[in-house]
There are 2 protein chains.
Amino acid sequence: MSVHPNNPALKSWIEVPQNSDFPIQNLPFGIFKTAQSTERVGIRIGDFVIDLKVLFVLGYLENLPFELSDFDNKYLNSLMEKGKKGTRDLRNRISKLLDSNFTDLQKNEHHVGQVLIPIDQVTMCMPVKIGDYTDFYSSREHATNVGTMFRDPANALLPNWLWIPVGYHGRASSVILSGQDIHRPKGQIKPDPNADPIFAPCRNLDFELETAFITFDGKALGDSISTAEAEDYIFGMCLFNDWSARDIQTWEYVPLGPFLAKNFASSISPWIVTMDALEPFKCDGPEQEPKVLSYLEFEGQKSYDINLSVNLQPENGEENLICRSNLKYMYWNMSQQLAHHTVNGCNIKCGDLMGSGTISGPTEDSYGSMLELAWKGTKPLKLSDGTERKFIQDNDTVIMRGYCEKDGVRVGFGEVKAKILPAK
Amino acid sequence: MSVHPNNPALKSWIEVPQNSDFPIQNLPFGIFKTAQSTERVGIRIGDFVIDLKVLFVLGYLENLPFELSDFDNKYLNSLMEKGKKGTRDLRNRISKLLDSNFTDLQKNEHHVGQVLIPIDQVTMCMPVKIGDYTDFYSSREHATNVGTMFRDPANALLPNWLWIPVGYHGRASSVILSGQDIHRPKGQIKPDPNADPIFAPCRNLDFELETAFITFDGKALGDSISTAEAEDYIFGMCLFNDWSARDIQTWEYVPLGPFLAKNFASSISPWIVTMDALEPFKCDGPEQEPKVLSYLEFEGQKSYDINLSVNLQPENGEENLICRSNLKYMYWNMSQQLAHHTVNGCNIKCGDLMGSGTISGPTEDSYGSMLELAWKGTKPLKLSDGTERKFIQDNDTVIMRGYCEKDGVRVGFGEVKAKILPAK
């Protein structure tokens with residue numbers, strides 16, 4: 001008899017280092033390649049990647065709704081097209097194969113050698129071919145901070161904010177994998193409010209600490225997904241850095257929203273942690289007052305307790321922890337976001353990416369952007385090397401991490417990391 | 001020796017009805033199927049479609065950089081990946097095969113019977129698998145009208161408008177083909193400004209008269225496309241109806257732009273008219289004052305003289321011409337739009353769709369939306385059946401058409417048409 005894959009008592013016969021983000025209770029999906037092999041689907045455990053293509057070929061994935069091309073693939077999309085049940089059954093099968101109480105794979109040393117690849121021998125690749133990318137704006141603290149800085153502290157939240165999980169469309173083509181460096185964008189900025197705009201490299205380059213979720217295929221155009229149904233349409237989550245050029249944004253964003261301020265790059269972490277693995281870390285979200293409209297009502301716990309952090313690392317320097325936040329602060333949960341997104345009949349597809357929006361917490365050290373942490377440049381951050389930061393400088397690296405912890409089990413995301421290179 | 005495919009003197013051995021949008025000088029690309037065949041690439045001439053898959057199989061497309069799967073395909077993307085030169089050579093070859101002075105295909109009655117399909121025997125399909133969809137806001141008259149209605153007539157244009165080809169990201173998944181009906185979207189609206197918002201079907205449903213262009217693969221992330229290079233990255237154009245729910249938009253759009261007000265549906269016409277076919281219809285655009293920033297400067301004619309019209313047809317009624325406009329009114333041309341879009345390093349890909357924004361002209365009968373034509377509901381349009389319209393009613397059909405004409409040659413787009421069904 002198999003144990004539930006999230007059971008804290010579950011142990012793998014593969015050694016997992018203490019404090020690893022990737023115990024047997026996690027088993028996130030990703031795409032990797034090695035010096036010897038092309039892109040394929042992998043599952044992470046400890047410091048190893050399980051090669052699902054080889055596992056399939058060796059016959060360990062029989063009686064599941066997958067074929068070779070689902071694993072021998074540059075993206076997870078084909079696998080995700082099997083939906084919640086198919087991907088859940090797959091994770092459950094892997095869990096059983098790695099469970100120390102089961103010997104099917106464990107006992108076959110030759111197979112283990114083919115299937116298990118040390119993490120330092122793989123190159124991670126973009127996990128998903130993203131169809132549409134939507135970004136929300138769902139942290140009340142973030143929206144309040146921005147409103148306080150740029151508008152009226154007494155009326156910081158715009159009138160629609162407590163009614164609508166505000167969102168906008170982003171650029172899918174420029175979503176890139178953790179580790180890919182980014183050139184500082186150029187664009188129109190208006191440093192002197194009384195002079196004409198100029199064309200120059202961005203001066204106020206910022207990160208935004210976010211998580212993102214990846215969808216399964218949704219309903220047909222014209223139909224809606226309710227809050228009760230929403231979780232059936234979400235495959236998993238990753239960390240997300242929604243890079244932002246604040247000075248470009250300030251000048252361009254009225255009246256149709258941010259455009260070039262965002263679409264030069266957005267970075268995602270390589271491992272997609274399934275909603276099944278995150279299930280034990282569900283929690284209550286903030287109270288919603290005024291009462292939301294009927295289509296945004298929901299039952300049960302729909303928020304997630306995910307610890308998030310941001311580190312800033314200057315060139316040749318050490319990491320500086322500059323922010324600790326948590327996804328549980330998010331006012332609008334993912335089920336509400338998805339219900340809102342489809343309430344007008346908008347269709348979602350397998351591989352869509354939906355960002356949370358900047359996740360700021362209630363304290364000054366939990367703000368999810370430099371804009372807020374350095375309060376529009378008025379409170380520069382002091383780094384351990386004695387330098388200061390109002391925004392991100394050339395050759396700075398920004399590293400975001402995230403994990404859940406409960407009953408002695410830690411389920412994490414690894415990291416999303418990128419370095420800012422000088423403008424081209 | 002072959003004649004230039006745009007030469008007005010060129011005649012085809014296929015009969016083309018007078019005033020057809022599709023003479024031999026056009027030759028637009030699309031995807032079609034028939035009762036007997038699956039989706040494939042076609043080229044339109046007169047009232048016939050040329051089956052490019054069959055033409056390839058019969059050996060008429062030799063010495064071109066294409067293979068069978070480029071034509072035996074659900075989308076044009078594979079063909080478009082051959083870039084400007086490949087697709088131009090292909091159109092030139094078709095032009096020669098259809099030229100009355102060349103007998104290669106013409107003389108082979110059996111082949112002609114296989115290759116030529118009457119238009120009433122085909123079903124048109126989505127021509128392109130759209131990657132990212134961007135919409136611009138490039139008509140000065142439209143932006144001025146909106147600013148006058150909702151803000152200050154004396155300062156109707158926002159400060160950035162004359163500096164930036166303002167654009168925003170739209171939803172690719174809900175771009176649909178002409179002929180597909182659309183259910184009236186539901187969403188949050190705020191009919192009483194002093195009361196809470198309500199959830200209800202949109203009351204102010206509108207069209208937006210636009211054209212759109214389809215891109216080839218662009219440069220790598222981090223690189224930019226100049227105005228001088230832009231045309232090399234554009235495959236062709238179609239008609240585009242950017243359906244808009246004005247009441248949803250008014251409530252949701254601050255501060256991140258339109259979202260559910262737009263992403264319930266956007267309709268495109270099925271035939272992609274190549275930029276090569278449109279070359280003879282280039283013209284000067286509006287004077288740009290103040291002088292644009294250096295990266296938006298351009299040389300030569302970059303605007304296009306394309307006549308556009310909108311007809312509204314009530315259920316079981318006749319068509320009412322409600323708008324005549326022209327793409328030449330557009331302040332920012334497509335080369336400027338593309339240069340702006342990539343100036344921050346944003347990458348474009350094969351199959352991206354970029355909308356012009358509503359194309360309003362200088363006169364009241366040339367405004368490209370109901371919002372402007374009926375001036376925010378204050379000047380209802382009278383239809384021939386005696387009814388009035390402030391916005392689009394259930395079971396109304398909106399039909400947009402477009403064509404160029406010069407030296408006795410008419411190159412057109414056909415139409416984009418959709419009916420609004422009641423809310424689900």
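# A tour of two chains

Start with both chains on screen: 56 residues of chain A are in contact with 57 residues of chain B. What you see is a predicted model.

**Stop 1: the interface**

Show both chains together. About 5,500 Å² is buried between chain A and chain B, and 61% of that lies on carbon and sulfur atoms. Now select A:Arg171, A:Leu256 and A:Phe259. They supply 15% of the area that chain A buries against chain B, more than any other three residues.

Next, look for charge pairs across the boundary. Chain A and chain B share six salt bridges. Zoom in on A:Lys424 and B:Asp223 for one salt bridge; the closest N and O atoms are 2.7 Å apart.

Widen the view to polar contacts. Between the two chains, 30 residue pairs are in polar contact, with both residues at pLDDT 80 or more. Which elements of chain A each supply at least two residues of the side that touches chain B? Select β6 (133-136), β7 (167-170), β10 (186-189), β11 (198-201), α7 (246-252) and α9 (334-342) of chain A. β7(A) gives the largest share of that side, four residues. Color the side of chain A that touches chain B by class: 30 residues are nonpolar, 17 are polar and nine are charged.

**Stop 2: helix α9 of chain A**

Why is α9(A) largely enclosed by the rest of the structure? Nine of its nine residues are buried, so the rest of the structure largely encloses α9(A). Click along the buried residues: A:Met334, A:Ser335, A:Gln336, A:Gln337, A:Leu338, A:Ala339, A:His340, A:His341 and A:Thr342.

Now step back to A:Asn333, which caps the N-terminal end of α9(A). A side-chain oxygen of A:Asn333 lies 3.1 Å from the backbone nitrogen of A:Ser335.

**Stop 3: a five-strand sheet in chain A**

Select β9, β26, β25, β20 and β21 of chain A. In that order they form an open sheet, with mixed pairing. The edge strands are β9 (182-183) and β21 (320-326) of chain A, each pairing on one side only.

Focus on strands β25 (residues 397-406) and β26 (residues 409-421) of chain A. Ten bridges pair them in the antiparallel sense. Pick A:Val398, and find its bridge partner A:Ala418 in β26(A).

**Stop 4: a five-strand sheet in chain B**

Move to chain B. Here too is an open sheet of five strands with mixed pairing, in the order β9-β26-β25-β20-β21. At its edges stand β9 (182-183) and β21 (320-326) of chain B; each has a single partner strand, so one side of each lacks a neighbour in the sheet.

Select β20 (residues 307-313) and β25 (residues 397-406) of chain B. These strands run antiparallel and are joined by seven bridges. Within the pair, B:Leu312 stands opposite B:Val398 in β25(B).

**Stop 5: strand β6 of chain B**

Finish with β6 (residues 133-136) of chain B. Are its faces covered or exposed? Both are covered: B:Tyr133 and B:Asp135 on one side are buried, as are B:Thr134 and B:Phe136 on the other.

β7 (residues 167-170) of chain B pairs with β6(B) in the antiparallel sense over four bridges. There, B:Tyr168 in β7(B) is the bridge partner of B:Asp135. β22 (residues 353-355) of chain B pairs with β6(B) in the parallel sense, over three bridges.

Note on methods: Residues numbered from 1 in each chain as written. Chains lettered and ligands numbered in written order. Predicted model: local features only at pLDDT ≥ 70, side-chain atom pairs only at ≥ 80, totals over all residues. Heavy atoms only, no water. Buried < 20%, exposed > 50% of the residue type's maximum accessible area, 1.4 Å probe, protein only. Pairing = 2+ DSSP bridges. Contact = heavy atoms within 4.5 Å. Buried area = accessible area lost by both parts, 1.4 Å probe. Salt bridge = Lys/Arg side-chain N within 4 Å of Asp/Glu carboxyl O. Polar contact = N/O pair within 3.5 Å; in protein donor to acceptor, adjacent residues only side chain to side chain. Nonpolar A, V, L, I, M, F, W, Y, C, P; charged D, E, K, R; others polar.
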